[in-house]
Amino acid sequence: MTRRTSVAFHRAVRCCAAALAGLSIAGSGFASPPADALRNKQAALSEQLAHNAFERPLHLESTQTSGDLTGDVYAIVEHPFATLDGALKGADVWCEILILHLNVKYCRASGGPPATALAVSIGKKHDQPLADAYRVNFEYQLESSLPDYLKLMLSAKEGPLGTNNYRIVVEATPLDERRSMLHMSYAYGYGFAARVAMKGYLATVGSGKVGFSVVGKTSDGQPVYIDNVRGVVERNTMRYYLAIDTYLASLALPPEERQERRLHDWFAATERYARQLHEVGQDDYLAMKRKEIVRQRSPL
C-alpha cells in the first residue's frame, strides 16, 4: 500500500467511524448532561406523574428553609421541544405569559441580549391603579440553549413587602417527537419584614387557603392539604405554570385569537383546582385582564 493510498484508507476509516458513532448516538438517545439530569428526574417521578390528583402528568412540590421558599412543577407536556425552544425565548414573550396571573398588573421589557430587563408590577387580585402596585425589576437571562435542552431564568433582587431574590426558572428537554419534559421553579427569599407581612395575610384574607401537597387525611379519609407559607408558594407556582401551559397551547391559533383564548383558558385551568386557586369570577377576571393588557401594550 502506497503512502497516498494509506492516508486515503485511514481517512475513510475515520469517516466511517464518525458516521457509525453518529448513528449510535442517535439510536441510543444521546443527550447533553443537563438534558439527562432532567430526564432522570422524570424517571424518578414516574409514579407521581402517572398517578396524581391533577389528572395530568404533573408533579408539584415545595420546600421551605429559614429564609427561602421554593415551588417546583415537573410536567410532561404535549408540545415538541422545538415549539418550547422557539416560544419561550425572549423577554417580551414573558410579559405575555406573566400578565395572565391574577397579581401581575403590568409588564414591559426593555434592553437586549444577553440580559433584558422586565418592569413588572405586582398588585392585588382585583382591578387597581398601577400606582398602587409594587414595582419589581426582573432580569431575563437565557442560561442554556442546546439542541436538546433549554434553560432560562427571570430574577429580581427585591420584591414586595420585604421579599427578595426572586427566581422563575424554566428548563425543558425533548422526550419524543411530540412531547417534552418541562420543569418550572418559582422561588423567593424573605426576611423579618416579609414574615410579619405574611403572618398578617395568613391571619386575614389568606386564612383557610391551602396548597396542593397532601400532609394527612381527615377521619373520613379526605386529604389534608399544606397551608401556611408553603401553601402560598404552591398556589403561585401552579398559577405561573398554568400561564406557561396556556400560552403554549394558544400558539396553534391565529395570532388575532390567541390573547382572548389565553385569558379564558387560564381561568378555566385554575378553576379545575378551585379549592386552591379560585379567587374571582370569570367575568371579573376577564374584564380586569383586558384592561391591564391594553395598558401593558400602550406606548410608554
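Colleague: Where does serine 121 lie?
Modeller: Serine 121 lies in strand 4, residues 115-122. Strands here are DSSP runs of E with at least two residues, helices are runs of H or I with at least four, and both are numbered from the N terminus.

Colleague: What sort of model is this?
Modeller: This is a predicted model, in which local features need pLDDT of at least 70 and side-chain atom pairs count only at pLDDT 80 or more, while totals for chains, interfaces and linings use all residues. Residues are numbered from 1 along each chain as its sequence is written, and side-chain values use heavy atoms, with hydrogens and water left out.

Colleague: Back to serine 121. Buried or exposed?
Modeller: Serine 121 is buried, at a relative accessible area of 6%. Buried means under 20% relative accessible area, exposed over 50%, and partly exposed in between, with a 1.4 Å probe and protein chains only.

Colleague: What does serine 121 touch?
Modeller: Leaving out residues up to four places away in sequence, serine 121 touches Asn103, Val104, Lys105, Tyr106, Leu130, Ala133 and Tyr134. Contact means heavy atoms within 4.5 Å.

Colleague: Switching to rings. How many aromatic pairs does the structure hold?
Modeller: The structure holds 10 aromatic pairs. Rings of Phe, Tyr and Trp (its six-membered ring) pair if their centres lie within 6.5 Å; planes under 30 degrees apart are stacked, over 60 edge-to-face, and the rest tilted.
Modeller: Take tyrosine 166 and tyrosine 186, a tilted pair with 6.4 Å centre to centre and 55° between the planes. That pair links distant parts of the chain, with tyrosine 166 in strand 7 (residues 163-174) and tyrosine 186 in strand 8 (residues 180-190), 20 residues apart.

Colleague: Is tyrosine 166 buried or exposed?
Modeller: Tyrosine 166 is buried, with a relative accessible area of 10%. Tyrosine 186 is buried too, with a value of 6%.

Colleague: Which aromatic pair do tyrosine 186 and tyrosine 240 form, stacked or tilted?
Modeller: Tyrosine 186 and tyrosine 240 form a tilted pair, 5.2 Å centre to centre with 45° between the planes. Here strand 8 is linked to helix 7 (residues 228-250), where tyrosine 240 sits, and the two tyrosines are 54 residues apart. Tyrosine 240 counts as buried, at 10% relative accessibility.

Colleague: Which residues form one aromatic cluster?
Modeller: Phe138, Tyr166, Tyr186, Tyr188 and Tyr240 form one cluster.

Colleague: On to pockets. How much space lies in the largest pocket?
Modeller: About 1,000 Å³. On a 1 Å grid over the protein atoms alone, a pocket is an open set of points with protein on both sides within 12 Å along at least five of seven lines, a cavity is a set where a 1.4 Å probe fits but cannot get out, and lining residues have an atom within 4 Å of a point. Points are joined across faces, edges and corners, and a volume is the space filled by probe spheres set on the points.

Colleague: How many residues line the largest pocket?
Modeller: It is lined by 42 residues, and Pro160, Leu161, Met198, Tyr201 and Asn236 lie nearest its centre. Strand 4, strand 5 (134-146), strand 7, strand 8, helix 6 (192-203) and helix 7 each supply at least two lining residues.

Colleague: How do the residues of that lining divide?
Modeller: The lining of the largest pocket has 24 nonpolar, 9 polar and 9 charged residues. Ala, Val, Leu, Ile, Met, Phe, Trp, Tyr, Cys and Pro count as nonpolar, Asp, Glu, Lys and Arg as charged, and the others, Gly among them, as polar.

Colleague: And the second largest pocket, how much space?
Modeller: About 360 Å³. The second largest pocket has 17 lining residues, with Asn52, Ala53, Phe54, Phe212 and Val214 nearest its centre. Strand 1 gives the most to that lining, with 3 residues.

Colleague: How many cavities of 30 Å³ or more does a search of the whole structure find?
Modeller: The search finds 1. The largest cavity has a volume of about 40 Å³. Its lining includes Leu102, Trp266 and Phe267. Helix 8 (residues 255-271) gives the most to that lining, with 4 residues.

Colleague: Last one: which residues does leucine 248 touch?
Modeller: Leucine 248 touches His79, Leu84, Ala87 and Leu88, not counting residues up to four places away in sequence. Leucine 248 lies in helix 7 and is buried, with a relative accessible area of 2%. The C-alpha atoms of leucine 248 and leucine 88 are separated by 8.5 Å, though the two are 160 residues apart along the chain.
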